[in-house]
Amino acid sequence: MTGMVSTEKMPPGTPINAYAQVQLQEVLKKIRERTATYKERLKDPVLSSPEVSPTASPKKEAPPPPPKEEEKKEVKKEEAAVPEEEHYCDMLCCKFKRRPFKEYLKKLKLPQSMDPLTDRFYVTWLFFVTLAYNWNCWLIPMRCMFPVQTTTNLVYWVTMDVLCDLCYLCDLLIFQPRLQFVRGGDIITDREDMRKYYWTTVKFRFDVFSILPFDLLYTMFGFRPVFRANRCMKHLTFFEFNDRLESLMSKAYIYRVIRTTGYLMFILHVNACLYYWASTYEGIGSTKWTYDGDGNMYLRSYYFSVRTLITIGGLPEPVTTFEIVFQLLDYFSGVFVFSSLIGQMRDVIGSATSGQNYFRTCMDNTVSYMNINSIPKVVQNRVKTWYEYTWQSQGMLDESELLEKMPGKMQLAVAIDVNYAIVSKVDLFKGCDSQMICDMLLRLKSIVYLPGDYVCRKGEIGREMYIIKQGEVQVLGGPDGTKVLVTLKAGAVFGEISLLAAGGGNRRTANVVAHGFANLFILDKKDLSEIMVHYPESERLLRKKGKVLLRQKGKPAGPPEPAKGFALLEKKYEETPKMFKALLGGKGRSGLAMLIKMKREQEAQRKEREEKERKEREEREQKEKEEKEQKEKEQKEKEEKAALQTKLEEDAAQVPEDDAQVEPDMKGQSSSPQKSPLLRGITNESLIITMSPSTTIGEGEILTVEVKVKPQD
């Protein structure tokens, strides 16, 4: 069957359909692909899988067609639609196209809702509101105490006041009612709900009070800035801007230092205004303590405020009671306020350098430990270099300490943004499930190697796979192991053969040395096995790639290492032929290795069963033997007891009835004889009692009683 239908063998005039030709070619192409797939599965059974490939998500049903009336309306709208006019701008001799003004208005249109935590547009607006707030806080006290507001510049002051009031009013009516909030775990974005929620907050009350038009009292009492003092009540917006700005800045401690310095300068500013008011109240130049009217009145007052609140000293002594009380209040406020500000400044600077202090502490402890244990200077210098490079390159010593404080989903999101681009480009993982790669990102460990460090050595057991994140490594080989075979750069993978290959392929095949500083990702074999359990398709793909790599690279070649020491006494066996290795290394129940294994297991079970039966039989025989010996012993004791009893009876029949009789004890011990009455006659017979050891072992002694008759002369 050919890929294309030949047109040369067709009779002339035969019609040819081009569409049919293309379709036939597509069918032939698919048949060939399927045939190649089945051939590959027959060659490598590992690839065949009974799993069903995931099906595509069901398509959503198309919405029903609109009714005829709506279709007519749409047709009318299309007809009525007029193409937009092209807008051109003439500048000098050039004419170029520009966007219409409506598009600019669309971009400036406010969103229906804004996230107060992440919306940059809202933070920008807070910046302008903060400027208006600072204008009021700094200049209202100054305009009240110093004669800076005059009839000649009143227009400018009023203009700036109106602009600040417009900022306050827009924030109250437009921006604050559009802020999202959380209720019961849900983010509320409804316009009506957001507006009602804002009306119930304390911030709304302060905002309303800060915009109340006490300026209308200008018509009755004149242009006195004190009527605008309520504008300083919008402090919640000022603090909110500080929090949002710190969350957006990479080095927030810089802004904290600036803000604390601003607090200090504002307190000195307010005290300078109060000092000028006190001088005016006492009379300009009336005493040495008051302002004498020479020079710039604000600078002189500010200088007095600095020396008073910071308690520098060297000021003129107060004269009147009012001056003494004012000076005492300044001293007390300076002690408490400035001590708190100095403590806050210390905390800000300490938090800014906390990471550096932690790094120095760890390094000092390590150096102290090495000095105590007399570590060589060469090793100490390498340890110090590692500390310095790791801190400069990633800003911390261990990245996992930072990620451990986050939830699992956030850890995955951070790992994807940082490392997914590197791992996804690795050829070994191409074609694998993307979710498997995401799970693998959480198991990767980042390690920094110094120039000349051995990442792995030839012949050692391989339990990790390495992915180069940054830097270069060199693969060494040759007879002396110093020849550079290849240089691997960022994104390369090595050590995958030891991790994926089975059947003796878990030893390193080459030496790998860091060429310069190298930052590597390490994936442990145990972690990869735990991940691949949930992704069988990806596991089969990785296994196949491991076999291909093992066939391509093969076993490391080179002369065998000479035997040393006790290895010379060991007997060397010839290498097992490849055919027997294949048989012994086969997998599955039909392989020879499985049969041998089953045979050995059966033999071990049989031996264990025979050993158990033998022990039971011996125990039973020993028990029967002991019982038999016990019975024989009892029988023998009974016979001896009966014989002794018979002999005693015979002896008792020969002696008089009043002779003493001895009865042996049933337990083998002799009992004390009974006392017999004294003999009243004379006889030629005598009673002889003897004790002799028994001839049988274990029976003790034998009591013998004899009656002997003396011969008469």
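Where is the place of Met160? Met160 sits in helix H5, which spans residues 154–175; helices are DSSP runs of H or I with at least four residues, numbered from the N terminus.

## Basis of the values

This is a predicted model, in which local features need pLDDT of at least 70 and side-chain atom pairs count only at pLDDT 80 or more, while totals for chains, interfaces and linings use all residues. Residues are numbered from 1 along each chain as its sequence is written, and side-chain values use heavy atoms, leaving out hydrogens and water.

## Nonpolar patch

Met160 is partly exposed because its relative accessibility is 32%; the class lies between buried (under 20% relative accessible area) and exposed (over 50%), with a 1.4 Å probe and protein chains only. Together with Val158, Val162, Leu163, Leu166 and Phe223, Met160 forms a nonpolar surface patch of about 490 Å² accessible area. Areas come from the Shrake-Rupley method with a 1.4 Å probe, and for residues only the protein chains shown count as cover.

## Cysteines

The count of disulfides is zero, a disulfide being a pair of cysteine sulfur atoms within 2.5 Å. For Cys170, the closest cysteine sulfur is in Cys167, at 6.8 Å, so the distance is too far for a bond. Cys170 is partly exposed at 29% relative accessible area, whereas Cys456 is buried at 4%.

## Gln435 and Tyr535

Gln435 belongs to helix H17 (residues 434–441) and is partly exposed, at 38% relative accessibility. Gln435 and Tyr535 are 100 residues apart in sequence, with a C-alpha to C-alpha distance of 9.0 Å.

Definitions and conventions
Patches are made of residues with over 30% relative accessible area and no salt bridge: like charges are joined within 9 Å, nonpolar side chains (Val, Leu, Ile, Met, Phe, Trp, Tyr) within 5 Å. A salt bridge is a side-chain nitrogen of Lys or Arg within 4 Å of a carboxyl oxygen of Asp or Glu. Helices (H or I, at least four residues) and strands (E, at least two) are DSSP runs, numbered from the N terminus.
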